[in-house]
Amino acid sequence: MHSNLWIEEKFQDFLGLKFKVEKVLFSGKSEFQTVDVVETKGHGKMLLNDGLVMVTERDEFAYHDMISHVPLFVHPAPKNVLVIGGGDGGTAREVIRHQSVEKCTMVEIDGMVVDACKAHIPQTSCALNDSRINLIIGDGVKFVKDTNEKFDVIIVDSTDPIGPAQPLFGEEFYQDVYNCLADDGIVVSQGESSWYAMDIQQSLLTVLNAVFPQCYLYSFSNLTYPGGLWSFTFASKKYHPVNDFEPKRVDQSGLNFDYYNAPLHSAAFALPSFVQKGLNGLISN
Ligand code: SAM
């Protein structure tokens, strides 16, 4: 019994977010990070890596809808999709809801994250045994360097740029991502907070601009990441995220979402003025 247990996520060196914990379901330390799954009072089950909140049952749909359906509805017929990271399974779960997707390769570096989520968070991990998901436990940086496959959409569902995720924010990685994308390919990446990490957004977009002809940022609202407003980057060889998006395809898909919808898709690319100013010159027209 943990009747008065709270966990505090310490973000950077000046902010703490506290969550009431009902029960600790799993605690482990892999060669990459600490991995904890807890049952919280307000947000359902929660995965933490190195003490940072990754997903909660209550709001994971917002993150997973927006990281996956935005690129998958811009690309006219995504067949081969790569997810890097995303060990909780929520992104791969959403990817394979698209009928055009024949194969979703997921490369997660830490088997402990996958195992802990399979055991304790079926809400996100439920699709990981699907025959269209090719789950590889390995380093995404090495995978994109070595693969001969071409992907229509690549989704970088990573932790913050520390430890094994650090190279996922660098130019060499994105050059390799470019090389294994099809001629009309799209890459979407976990893009941090405009409130608290504009420096990371600037640096990631600078890297993307060095490699891709079109680079954008889009945002969504969530409950458990610091600041509430969180972002993804969208880099593309061919398609514009709004002008090449056909809203009617969302209805035609027959899919039902709790966060994503066609008007929100376009609206997410409209940035607050402080973000426009901070990212001046880094967002394509
Ligand atoms: N939604 C989450 C967030 O933004 O907080 C991210 C979810 S997912 C749990 C992130 C995963 O990226 C982690 O499980 C971590 O192990 C994985 N990861 C970090 N570096 C990686 C790498 N180089 N290759 C593959 N996976 C990596």
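Predicted model: local features only at pLDDT ≥ 70, side-chain atom pairs only at ≥ 80, totals over all residues.
## Overall shape

The protein chain contains 10 helices and 12 strands. Along its principal axes, the C-alpha trace spans about 55 × 45 × 35 Å. For 285 residues, a compact globule would have a radius of gyration near 19 Å, and the 18 Å of the protein chain therefore agrees with that expectation.

Two further values describe the packing. Of the 285 residues, 56% are buried, that is, under 20% relative accessible area. Among contacts with a separation of 6 or more, 67% join residues 24 or more positions apart.

## The largest pocket

Rolling a probe the size of a water molecule over the atoms shows where empty space is left. In this model, the largest pocket holds about 560 Å³ of space. The pocket is lined by 39 residues, and those closest to its centre are Asn-49, Met-54, Ser-158, Thr-159 and Asp-160.

By class, the lining consists of 20 nonpolar, 12 polar and 7 charged residues.

## Where the lining comes from

Several elements each supply at least two residues of the lining. Among them are the strands S1 (5-11), S4 (45-49), S6 (80-85) and S7 (103-108), together with the helices H1 (60-74) and H5 (140-146). Strand S5 (52-56) also belongs to this group, and its 4 residues form the largest share of the lining.

Why does the largest pocket lie between domain 1 and domain 2? Domain 1 (6-54) and domain 2 (60-278) both give residues to the lining, so the pocket lies between them.

Notes:
Residues numbered from 1 in each chain as written. Heavy atoms only, no water. 1 Å grid on protein atoms, 1.4 Å probe; cavity = no way out; pocket = protein on both sides within 12 Å on 5 of 7 lines; lining within 4 Å. Points joined across faces, edges and corners; volume = space filled by probe spheres on them. Nonpolar A, V, L, I, M, F, W, Y, C, P; charged D, E, K, R; others polar. Domains from an automatic or database assignment. Rg over C-alpha atoms; globule rule 2.2 N^0.38 Å. Buried < 20%, exposed > 50% of the residue type's maximum accessible area, 1.4 Å probe, protein only. Contact = heavy atoms within 4.5 Å.
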